[in-house]
Structures are given as structure tokens and as C-alpha cells.
Amino acid sequence: MDLNFTLEARCPETEARLGRFRTTHNEVETPQFMPVGTVGSVKSLDPRDLTDLGATVILGNTYHLGIRPGVPTLEALGGMHTMAAWPRSILTDSGGFQILSLTNLRKITEEGVQFRNHIDGGLLDLTPELSLRIQAAIGSDIAMVLDHLAPSNSPRAVVEEAMGRTTRWALRSLAARTRPDQALFAIVQGGVDLELRQRHVEELCAHPFDGFAVGGLAVGESIPQMYETLAFTAPKLPVDKPRYLMGVGTPQDLVEGVARGIDLFDCVMPTRNARKGGLFVDGGRRKINLNNARFKDDRGPLDPTCTCYTCRTFSAGYLRHLLVAKELLVYRLLSIHNLHIYLELMRNLRAALREGRFAAFRREWWAGVPAKG
Ligand SMILES: [Zn+2]
């Protein structure tokens with residue numbers, strides 16, 4: 001499905017761009033961050049929390065949902081929008097990343113990936129076609145092709161082989177589409193080898209995908225290598241299709257990804273860190289550890305610059321007490337805070353782009369980031 005992506009502004013000094021696209025569920029403004037709802041829920045948050053935070057797209061994981069509850073139950077329950085009561089958009093990954101990170105006994109062939117899942121050890125052959133079948137049962141607005149991800153530090157021949165297979169699997173995915181209401185994004189691989197990246201962009205962009213992701217980053221390369229690869233790759237993607245940087249990253253990565261022409265991001269970082277007391281503050285420029293004893297008797301908010309429900313309502317000392325006591329409420333309150341920081345940063349980046357001051361915003365934002373940490 002064509003998402004009718006429209007560009008509304010471009011930064012004259014960087015590759016940053018402001019745009020919007022439309023799914024059958026809602027309109028999505030870009031640049032945008034997508035909270036991760038791995039097994040069909042953004043951990044500890046309900047749909048009202050997410051709409052209050054201003055989230056417009058959330059992520060579902062094909063690997064997790066395909067293993068449990070599985071396709072028949074997903075279909076019986078009406079897909080993720082219905083079962084999770086989520087009225088806005090959903091993007092699903094293809095399962096490729098979890099196979100490499102979570103499973104053992106994997107065998108990658110031209111047909112697909114054979115692996116034992118991490119729940120009951122059951123054997124599954126994930127093919128590009130099965131990945132799309134699971135994504136159709138989830139009912140996501142945007143599906144991703146199954147890709148073969150090679151770690152960034154792999155030998156060139158390994159990266160090249162994974163890249164070629166990713167193209168063939170992407171074309172099989174195009175042929176296996178069943179839902180006219182679902183967009184399909186291809187994934188550019190090629191590690192940190194710019195020549196391979198160039199070649200893969202050319203291979204994939206010759207086909208009618210509805211958007212393109214830059215994959216194979218944040219998997220072992222250095223931050224400067226990631227930014228360099230992104231600066232090279234993103235501007236070569238079609239100007240009239242959304243560009244998605246998968247699995248990235250820190251607030252710094254969001255600012256720099258946008259500056260290099262990325263429209264969509266997802267990462268477990270804000271929610272996963274929140275549950276451990278790792279909180280982004282000061283517009284995402286710094287991180288604090290709420291476990292630290294210095295917050296014990298702190299009657300002030302955990303972030304005086306933040307306007308989220310948690311910071312407006314509770315003291316840092318009380319939140320620390322809940323965290324130390326592992327009280328359930330704290331996971332929700334801290335997730336609300338961190339996601340607010342991320343989504344507010346994206347709102348600020350969009351406002352800066354709309355008002356033609358993105359480059360100045362970026363400079364000012366970085367000026368407030370501490371030298372280390
Ligand atoms: Zn807050």
C-alpha cells in the first residue's frame with residue numbers, strides 16, 4: 001500500500017526533512033519515534049498512556065508474536081489492533097533480528113532460517129513468505145521484509161552474501177503480499193562497506209517497495225562508523241518514500257539520524273532503561289540512574305525541565321522508593337517519562353524543521369550535552 005508520503009520541509013544545511021504519511025489507521029508525522037510493543041504491548045503501558053504521550057505508531061515483533069500466541073490465535077483475536085485496542089498505526093519487524101539475537105541452532109539457507117525458538121525450543125523454518133503471513137495475521141500497517149543481517153565486523157564476503165540473499169528474499173516478499181492495506185518496506189544491508197551499501201540501494205530501489213529501512217547498523221560498529229554509513233546511505237534512498245533506521249537508538253542518535261535524512265526510528269532503549277531506573281533528562285541530553293542514593297530524600301521532580309505526567313505528579317524520592325521496592329506502578333511511571341522525552345524530542349525536531357531552524361536547534365541541543373556520558 002502506498003503511504004502517500006509527502007515532504008513538507010527540508011533543511012537547507014543538512015539532509016533533515018519534515019513529512020507525513022497516511023496508513024488506514026491514522027496520519028503519521030515524520031520524523032517520528034515508534035515505541036516498541038514486543039509481544040503486543042508496550043511494556044507496562046496501555047493504549048491510553050500511549051495516545052496521551054502522542055505516540056502515532058508502535059512496533060510489534062513478528063518473531064515473538066509468531067511464536068506466541070501464534071498465527072491461529074492472532075487471527076482468532078482479530079490481529080494486534082483489535083486485541084491490543086490500539087487505534088493508531090503498527091509497524092512489524094520481520095523477525096530477522098530476533099533470530100540472530102535470541103535463538104540457537106540456526107541454519108540459514110536460501111529458503112529461509114531454521115531455528116529453535118527461545119520459548120519451548122520448538123523448531124521453526126522462518127521463510128520470507130511465513131514472515132509475511134505472520135505479519136498479515138498481526139495486521140500491521142507497515143510490514144518489513146525478512147532480511148539476513150550480518151554483524152558489522154563480518155568479513156566482506158559474508159556481508160555481501162547476506163546482502164544478496166536479502167535482495168532475493170525482499171523480492172519473494174513482494175510476491176507473497178496478501179493485504180492491500182499493508183505497506184511493505186525493504187531493508188538495505190551492506191554493513192559499513194559504502195560500496196556494498198551503494199550497490200544494495202540500487203538493487204532494492206528498482207522495485208516497488210513502499211519505504212526503505214537502513215538495516216545492519218547498531219550491531220557492533222562504532223558510532224562514527226554508523227553515522228558515516230548513514231550519511232552515505234540515507235540520502236541515496238528515494239526522496240518520496242519514508243526512510244527507517246531500525247533499532248536505533250539514543251536521543252543523540254535520533255538528532256543525528258534526522259540530520260542524515262531518516263524519518264522513522266524505533267528502539268527498546270527508553271522503555272527498557274526506564275524499568276531499571278535509567279532515565280533520560282534535560283530533553284534527552286543526559287541520563288540519570290534513579291537507583292542512586294542521592295535521590296532518596298529528593299522532594300523535587302526527577303527532571304525539572306520535563307512536562308510529563310510522572311514529573312508533574314511525583315517526587316524523585318517517591319519514584320526511587322517505588323523502584324527500590326520493585327513496586328509495579330514504577331515501571332509505568334518511568335516508561336511514561338522516558339517515552340515522553342523521546343516523543344517530545346521528535347516534536348521539537350519537527351517544529352524546528354517546520355520553522356526552518358533545524359540546524360540551529362541541533363547545534364543548541366548538542367551544546368547542552370555533557371562532554372562525557
Ligand atoms: Zn518526565
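These legends go with close-up views of a predicted model.

Residues are numbered from 1 along each chain as its sequence is written, and side-chain values use heavy atoms, with hydrogens and water left out. Local features need pLDDT of at least 70 and side-chain atom pairs count only at pLDDT 80 or more, while totals for chains, interfaces and linings use all residues.

**View 1. Tyr 63 and Phe 115 make a tilted ring pair.** Rings of Phe, Tyr and Trp (its six-membered ring) pair if their centres lie within 6.5 Å; planes under 30 degrees apart are stacked, over 60 edge-to-face, and the rest tilted. Tyr 63 belongs to helix α2 and Phe 115 to strand β9, 52 residues apart. (Helices, H or I of at least four residues, and strands, E of at least two, are DSSP runs numbered from the N terminus.) Tyr 63 is buried at 3% relative accessible area, and Phe 115 is buried at 0%. Buried means under 20%, exposed over 50%, and partly exposed in between (1.4 Å probe, protein chains only).

View 2. Phe 280 comes from strand β16 and Tyr 342 from helix α14, so the pair ties together parts 62 residues apart in sequence. Phe 280 is buried at 4%, and so is Tyr 342, at 0%. Ring pairs also bring in Phe 33, giving a cluster with Phe 280 and Tyr 342.
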